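Visitor: I would like to learn how to read a structure like this one. Please show it to me, and let us go feature by feature.

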Amino acid sequence: KPGEQKHSKEPSSLQCMHLAVVACGDRVEETLIMLKSAVLFSNRRLCFHIFAEDSLKPEFEKKASFFLKEWPSSYTKKFEYNIYPITFSVGNAQEWKKLFKPCAAQRLFLPVILKDVDSLLYVDTDVLFLRPIDDIWHILKEFNSTQLAAMAPEHEIPKIGWYSRFARHPYYGTTGVNSGVMLMNLTRIRNTQFKNSMIPSGLTWEEMLYPLYQKYKNYITWGDQDLLNIIFYFNPECLYVFPCQWNYRPDHCMYGSNCKGAEEEGVSILHGNRGVYHDDKQPTFKALYEAIRDFPFEDNLFQSLYYPLQSKFLDTVHTLCGRIPQVFLKQIEKTMKKVYENRVIVYLGANHRY
């Protein structure tokens with residue numbers, strides 16, 4: 001495709017799990033750490049679709065090359081990645097580019113750009129996977145006949161949620177949804193006529209985007225996330241809502257723990273919005289980011305990742321998030337045990353042949 005750069009370790013697989021991210025501004029390292037967390041635990045092959053500004057491509061290529069040289073072949077052979085330019089198929093490109101965070105609106109155009117991709121997981125750059133992507137990918141099979149996307153609620157408690165208190169536009173459900181982790185059946189999105197507040201008949205996804213933005217642009221605060229909330233307000237049957245542990249943010253613990261799914265099962269996907277990986281406001285989130293960033297890809301995951309993380313968490317107990325370390329550690333410990341057990345089985349199986 002024009003303007004696309006492709007880097008592949010081996011031919012694409014039809015069984016590929018597709019993951020998309022938009023990296024603009026100073027988000028290159030954060031993007032690479034997110035990709036590292038995805039590769040670290042996942043089982044099936046991964047295909048990354050990375051959207052970046054032209055000015056960022058040289059830096060991304062340089063840092064990606066450096067990172068990949070440090071990764072063992074057992075990890076690098078598990079994925080391939082493509083880099084795409086930032087493009088908007090309808091409306092004013094500069095308006096879209098400046099909507100909320102730089103380039104964030106690009107996610108709205110993924111069904112239009114990735115025409116050959118059937119299903120996709122979109123994540124923000126500040127996301128970390130604490131279990132295999134395979135597990136959230138399986139949620140696609142739980143969609144009913146009308147559902148074509150999945151997101152988690154923006155908040156668990158309506159009376160302190162942002163949308164329920166401040167929104168000046170329609171939004172999904174009682175608290176709205178957060179678009180930082182979004183699972184999509186792109187084929188269904190491309191083939192659906194969406195109900196809307198502009199004309200009586202349905203509109204395709206691409207036809208709807210710019211008129212919807214024009215109608216609500218003076219009322220939206222969170223850019224493309226608000227537009228998604230408006231779309232699914234008018235089309236609630238199209239959305240599957242997954243629980244908060246799949247998009248766990250500081251709001252879930254900084255005022256007291258309010259994500260029951262994470263308390264029971266542990267955090268599955270950590271979303272460090274508000275810049276918490278890079279300041280000292282939420283040291284628990286920062287500790288997880290730094291632990292994955294610094295992980296040396298040694299065989300002993302407990303020795304090189306889990307135990308250093310436990311130690312770092314001892315320094316965060318003065319915060320409300322730090323008082324519930326089990327929420328952050330439960331799922332990652334479970335994932336590591338599975339990885340260890342699989343390696344033992346493979347090792348014993350290899351020895352049994354002799």
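Guide: Start with Asp124, which lies in the loop between β5 and β6 (127-129). Helices (H or I, at least four residues) and strands (E, at least two) are DSSP runs, numbered from the N terminus. This is a predicted model, where local features need pLDDT of at least 70, side-chain atom pairs count only at pLDDT 80 or more, and totals for chains, interfaces and linings use all residues. Residues are numbered from 1 along each chain as its sequence is written, and side-chain values use heavy atoms, with hydrogens and water left out.

Visitor: Is Asp124 buried or exposed?

Guide: Buried means under 20% relative accessible area, exposed over 50%, partly exposed in between (1.4 Å probe, protein chains only). Asp124 has 16% relative accessibility, so it counts as buried.

Visitor: Which side chains make a polar contact with the side chain of Asp124?

Guide: A polar contact is a pair of N or O atoms within 3.5 Å; within protein, one must be able to donate a hydrogen and the other to accept it, and residues adjacent in sequence count only if both atoms are side-chain atoms. Here the side chain of Tyr122 pairs with that of Asp124 at 2.8 Å. For contact in general, the cut-off is heavy atoms within 4.5 Å. Leaving aside neighbours within four places in sequence, Asp124 is in contact with Val21, Met34, Arg107, Gly180 and His271.

Visitor: Now strands. How many bridges join β5 to β8?

Guide: Two strands pair if DSSP finds at least two bridges between them. Strand β5 (residues 119-123) has five bridges to β8, and the two run antiparallel. One example is Leu120, whose bridge partner in β8 is Met184. Strand β7 (residues 149-153) is also antiparallel to β8, with four bridges. There, Ala150 has Leu183 of β8 as its bridge partner.

Visitor: Why is β8 described as largely enclosed?

Guide: Count its buried residues. In β8 (residues 177-185), nine of the nine are buried, so the strand is largely enclosed by the rest of the structure.

Visitor: What covers the buried residues of α10?

Guide: The cover includes α4 (93-98), β7, α7 (162-166), β8, α9 and β9. Nine of the eleven residues of α10 are buried, so this helix is also largely enclosed by the rest of the structure. Among them are Leu227, Leu228, Ile230 and Phe232, along with Asp224 and Asp226.

Visitor: How do I read two packed helices?

Guide: Two packed helices are described by the angle between their axes and the distance between the axes. Axes are lines fitted to C-alpha atoms, for helices over the stretch in contact, and angles run from 0 to 180 degrees between N-to-C directions. Take α1 (residues 28-41) and α12 (residues 283-294): their angle is about 75°, and their axes are 9 Å apart. The two are therefore roughly perpendicular (65 to 115 degrees). Glu29, Glu30, Ile33, Lys36 and Ser37 of α1 meet Tyr289, Ile292, Arg293 and Asp294 of α12.

Visitor: Where is Asn258 found?

Guide: Asn258 is in the loop between β9 (239-241) and α11 (260-265). This residue is buried, with a relative accessible area of 13%. Its side chain reaches the backbone oxygen of Asp251 at 3.2 Å.

Visitor: Which residue has a positive phi although it is not a glycine?

Guide: Arg274, at about 70°. Arg274 sits in the loop between β10 (269-271) and α12. At 48% relative accessibility, Arg274 counts as partly exposed.

Definitions and conventions: Parallel < 35°, antiparallel > 145°, perpendicular 65-115°, else oblique.
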